[in-house]
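Please read them with the coordinates open.

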Amino acid sequence: MGHPPLEFSDCYLDSPDFRERLKCYEQELERTNKFIKDVIKDGNALISAMRNYSSAVQKFSQTLQSFQFDFIGDTLTDDEINIAESFKEFAELLNEVENERMMMVHNASDLLIKPLENFRKEQIGFTKERKKKFEKDGERFYSLLDRHLHLSSKKKESQLQEADLQVDKERHNFFESSLDYVYQIQEVQESKKFNIVEPVLAFLHSLFISNSLTVELTQDFLPYKQQLQLSLQNTRNHFSSTREEMEELKKRMKEAPQTCKLPGQPTIEGYLYTQEKWALGISWVKYYCQYEKETKTLTMTPMEQKPGAKQQGPLDLTLKYCVRRKTESIDKRFCFDIETNERPGTITLQALSEANRRLWMEAMDGKEPIYHSPITKQEEMELNEVGFKFVRKCINVIETKGIKTEGLYRTVGSNIQVQKLLNAFF
C-alpha cells in the first residue's frame with residue numbers, strides 16, 4: 001500500500017496531518033534501515049561461512065523474499081514493477097543452487113557490503129541527522145513562540161519589535177529545516193530503489209560467476225539482469241523529475257470535474273434510509289443504494305445492523321414505479337415510495353435532502369402523488385359555467401406565468417415543474 005505524498009507547502013503550516021504523513025515515511029525509513037542491516041549481516045555470513053554456505057544462501061534468500069518495496073501512489077511503472085519484484089527473482093535464483101557449493105569472489109564485500117553500508121550511513125544516517133535538527137528547531141521555535149505570546153503589550157516598542165524579529169527568525173529557521181528534512185526523506189525514499197537493488201544485483205552476478213555452473217547460470221541470469229539494469233538506469237535517469245511529474249499529475253487530478261461519472265458506474269448511488277416495520281414499532285435503517293436506470297435494478301446494502309443479527313449482503317430489487325410521498329402523510333421529510341417485483345407492498349425511502357430526493361426521483365422516473373377530488377356526486381362533477389370559468393382561469397395562469405417555462409410547450413413536461421405551477425395556482 002502506497003504512502004500519501006509529502007508536500008513542501010505543508011512544511012509552513014506544520015499541521016497534525018503533515019506530522020502523521022511524515023511519521024509514515026520515518027517508519028518506512030526505519031524498516032529499510034533494519035532490512036539493510038539484515039542484508040549486510042547475512043552477506044557477511046555468506047562470505048565467511050564457506051562450509052555452511054547452503055544454509056547461509058537460504059537465509060539470505062528468505063530475507064530478500066520477505067522485503068516488499070512501498071511506492072508512492074497506486075499505479076506503478078514497468079520499471080518500478082521490475083524493481084519491486086527483483087528481490088523475489090533473486091530469491092528464486094538462489095533457491096536453484098541452494099545445495100551447491102559456491103565460492104565467493106574476492107571483491108564480494110566491495111560489491112555488496114560497502115555500497116549498502118555507505119547508503120545506510122550516508123543517506124539514512126544523514127536523514128536521521130536532518131530529523132534531529134528538524135525536531136530541535138521545532139522545539140526551539142514553539143518554545144520561543146509561547147514566551148513571545150506571553151509578552152505584555154505595555155513593554156517598550158523597541159523590545160516588542162526585537163521580540164517579533166527573533167520569532168520571525170526562528171520561524172524561518174524552522175521552516176527551512178522542515179523543507180530540508182522533507183526533501184531529504186523524499187530523496188532517500190526514491191534513491192533506495194536503485195541504491196539497494198544495484199549492490200545486491202552486482203553481488204549475485206559475482207556469486208554465480210564463481211560457481212562451478214558459471215556458464216549455465218550466467219546465461220540464464222543475463223536476460224533478467226539486463227532488463228533489471230535497464231529499469232534501474234531508467235529510474236536513476238528519471239529520479240530528479242519524479243517529484244515534478246507527480247505534482248503535475250496531482251494538479252491535473254484537482255482540476256478534473258468532480259461531476260464526471262466513469263463508465264460502468266450506476267446511474268445514481270448514495271445513502272438512503274428505509275422505513276422498517278418491526279414487532280415493537282417502526283425504525284429507519286440506513287442503506288447504501290445503487291440504481292441502474294437501464295435495467296431498473298436497485299441494489300441496497302445495509303450499513304447498520306442490530307446487535308446479534310447476522311451480517312446481511314446486498315439486496316437486488318427491480319423497480320416497478322416511484323412516487324413522491326405526500327408531505328402530510330408522514331412526519332419525515334424528503335420521503336418517496338417505491339414498489340419492486342421482489343418485495344410486496346410499498347417501500348418508503350428517505351433521501352438526505354430535497355435536492356437529493358429530486359435526483360433520485362429523476363433517475364427513477366418518479367411521479368408526483370395523485371390528489372383525489374373530494375367531490376362524490378355526479379351532478380357536482382359535470383362541467384358548468386363555473387367549471388368553464390375555472391378552465392379559462394387555468395389557461396390564463398399558464399399563459400401569464402408558465403409560457404416561458406420549459407416543459408409546458410416546447411419539450412416533454414417535467415412532473416416537478418408542473419406540480420410547482422399547480423401549487424402556485426392553488
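Which residue in strand 2 does G270 stand opposite?

1. The model is a predicted one, and in it G270 stands opposite C289 of strand 2. The strands concerned are strand 1, residues 268-278, and strand 2, which pair in the antiparallel sense over eleven bridges.

2. C289 also has a bridge partner in strand 3, namely M300. Strand 2, which covers residues 281-292, is joined to strand 3, residues 297-302, by six bridges, and the two run antiparallel. Together strand 2 and strand 3 form a hairpin with four residues between them, and in the turn K296 has a positive phi of about 55 degrees.

3. On to the next pairing: strand 3 and strand 4, the latter spanning residues 315-324, are paired in the antiparallel sense over four bridges. Among the partners found in strand 4, T318 is the one for T297, while D316 is the one for T299.

4. Strand 4 is in turn joined by five bridges to strand 5, residues 335-340, and these two strands run antiparallel. Here the bridge partner of R324 in strand 5 is F336.

5. Taken as a whole, the sheet is a closed barrel of six strands in the order 1-2-3-4-5-6, with antiparallel pairing. Neighbouring strands of this sheet are turned against each other by 50 degrees on average, with direction ignored.

6. Finally, helix 11, made of residues 354-363, lies across strand 1, strand 2, strand 3, strand 4 and strand 5, and it runs at about 95 degrees to strand 1.

Notes: Residues are numbered from 1 along each chain as its sequence is written. This is a predicted model: local features need pLDDT of at least 70, side-chain atom pairs count only at pLDDT 80 or more; totals for chains, interfaces and linings use all residues. Side-chain values use heavy atoms; hydrogens and water are left out. Two strands pair if DSSP finds at least two bridges between them. Axes are lines fitted to C-alpha atoms, for helices over the stretch in contact, and angles run from 0 to 180 degrees between N-to-C directions. Contact means heavy atoms within 4.5 Å.
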